[in-house]
Amino acid sequence: RARAVLIGCIMNATACCEQALALAQQGDTYLSIVCAGQKGRFVLDDGVCSGFLVETIVGMVRSRGEDCLLSDAALAAQKLYHSYDDILSAFRESNSGKIIIKIGQEADIPLCARPDVSQVVPTLTQGTQLQIERLT
């Protein structure tokens, strides 16, 4: 039912947040951040990432001289993000990170923990099959 579903992560955080804010302003609506999770359950790396996204959005809005009204979930995610010294340590501590390490792909974790290395913001489109497309 959302007007747009953007796919964001640490690696495209600023670009995704800029697009999300622009779409929210155009539609005069609020933003929601939904974690992907794993098999319907919360995962730490998603929670930390959502906190990073909240932090990014709040910074953008405040730089305009405006303020954000955050839900309790957004506040909790932001606090979770701030509870770690860095994103990499959060990712390593998560169950997802532990699985990546166990299967011998530990080098992938620092790659995923790099903020703002991509300007690409995929968007989810709905049709006969759900598709991910690049937002232009």
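Predicted model: local features only at pLDDT ≥ 70, side-chain atom pairs only at ≥ 80, totals over all residues.
1. The sulfur of Cys 35 lies 7.6 Å from the closest cysteine sulfur, that of Cys 49, and is therefore too far away for a bond. A disulfide is defined as a pair of cysteine sulfur atoms within 2.5 Å. Cys 35 is partly exposed, because its relative accessible area is 34%. The terms for exposure are as follows: buried means under 20% relative accessible area, exposed means over 50%, and partly exposed lies in between, with a 1.4 Å probe and protein chains only.

2. Residues are numbered from 1 along each chain as its sequence is written, and side-chain values use heavy atoms, with hydrogens and water left out.

3. The structure as a whole holds zero disulfides. Cys 9 is likewise in no disulfide, and the nearest cysteine sulfur, that of Cys 49, is 6.2 Å away. Cys 9 counts as partly exposed, because its relative accessibility is 32%.

4. The secondary structure of the protein consists of six helices and two strands. Read from the N terminus, the elements follow the order α-α-α-α-α-α-β-β. Here helices (H or I, at least four residues) and strands (E, at least two) are DSSP runs, numbered from the N terminus.

5. Along the principal axes, the C-alpha atoms fill a box of roughly 45 × 40 × 30 Å.

6. Of the 136 residues of the protein, 32% count as buried. The protein exposes about 9,200 Å², and carbon and sulfur atoms supply 52% of that area. Accessible areas come from the Shrake-Rupley method with a 1.4 Å probe; for residues, only the protein chains shown count as cover.

7. Contacts also deserve a remark. Among those between residues at least 6 apart in sequence, 57% join residues at least 24 apart. A contact means heavy atoms within 4.5 Å.

8. Phe 52 has its place in helix α2, which covers residues 44–63. Phe 52 is buried, because its relative accessible area is 10%. Neighbours within four places in sequence being left aside, Phe 52 is in contact with Ile 10, Ala 13, Tyr 81, Ile 87 and Pro 115.

9. Glu 18 belongs to helix α1. Glu 18 is partly exposed, because its relative accessibility is 45%. The C-alpha atoms of Glu 18 and Ile 57 are separated by 7.8 Å, although the two residues are 39 residues apart along the chain.

10. The loop between α1 (13–27) and α2 contains Gly 37. Gly 37 is partly exposed, because its relative accessible area is 28%. When neighbours within four places in sequence are left aside, Gly 37 is in contact with Val 43 and Asp 46. Gly 37 and Gln 119 are 23 Å apart in space, C-alpha to C-alpha, and 82 residues apart in sequence.

11. Most residues other than glycine have a negative phi. Lys 39, in the loop between α1 and α2, has a positive phi of about 55° although it is not a glycine. Lys 39 is exposed, because its relative accessible area is 82%. Asp 116, in the loop between α6 (108–112) and β1 (122–125), also has a positive phi of about 55° and is not a glycine. Asp 116 is partly exposed, because its relative accessible area is 32%.

12. Finally, the protein has 12 positive and 15 negative side chains, and the centres of the two sets lie 6 Å apart. Lys and Arg count as positive and Asp and Glu as negative, while His and the chain ends are not counted. The place of a charge is taken as NZ of Lys, CZ of Arg, CG of Asp or CD of Glu.
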